[in-house]
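I'm opening my notebook on a new protein today.

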Amino acid sequence: MKKLLVLMFALGITAAGAFAAEQIKAVDTKPANMQEMRKAREAAFEKRLELTEEQKIQARELRIKGHERMKPVMEQIKAKKQEAEMVKRSRIAVQAQEEKLAVIEAELKELEKQAMEIRKANFKNFESILTPKQKRILKQMKKEGKKKYKATHSGK
């Protein structure tokens, strides 16, 4: 009986280790796949808008600059969310906890507002490099995207 228990225990540990190793492999492959998917979407976007090589270069530069402007705001948002999580886990009085969370939520809303302003500015900068025909195509693409979003998120 003891041998059977020891054998079962050893098999359990081995199986758990193999399962964990399999999960690590799955996680490791995702970033490369996500990058490939992003590149494919970017290429399809550029093709549909019929961007010239010069426009593609300008768009990439604008995207990089926009990312640089957005990065500090996103880091602040992440820090505030972590701070809120720590307050929720703390053992302070409920009222004090709610007050701190209200302050953090107000700060988060302001940061989200800043992020939205940066996104809008980035989009205006991108639109400035497009021709009128490309702007019409982009407008149609946005309508299609909104329609697709509503179709997939209507039940929520």
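Pocket first: helix 1, helix 2 (53-89), helix 3 (94-127) and helix 4 (132-153) each supply at least two lining residues to the largest pocket. Helix 2 gives the most, with eight residues. I noted that helices are DSSP runs (H or I, at least four residues), numbered from the N terminus, while strands are E runs of at least two. A pocket here is an open set of points on a 1 Å grid over the protein atoms alone, with protein on both sides within 12 Å along at least five of seven lines, and lining residues have an atom within 4 Å of a point.

I looked up the lining too: it has 23 residues, and Phe45, Arg63, Asn122, Phe123 and Phe126 lie nearest the pocket's centre.

Before going on, I wrote down that this is a predicted model, where local features need pLDDT of at least 70, side-chain atom pairs count only at pLDDT 80 or more, and totals for chains, interfaces and linings use all residues. Residues are numbered from 1 along each chain as its sequence is written, and side-chain values use heavy atoms, with hydrogens and water left out.

Next, the fold: I found four helices and zero strands, in the order α-α-α-α.

Last, Glu42, which sits in helix 1 (residues 2-49). Is Glu42 buried or exposed? I put it down as buried because its relative accessibility is 17%, and buried means under 20% relative accessible area (1.4 Å probe, protein chains only). Beyond its neighbours within four places in sequence, Glu42 is in contact (heavy atoms within 4.5 Å) with Arg60 and Arg63.

Technical notes: Buried means under 20% relative accessible area, exposed over 50%, partly exposed in between (1.4 Å probe, protein chains only). On a 1 Å grid over the protein atoms alone, a cavity is a set of points where a 1.4 Å probe fits but cannot get out, and a pocket is an open set with protein on both sides within 12 Å along at least five of seven lines; lining residues have an atom within 4 Å of a point.
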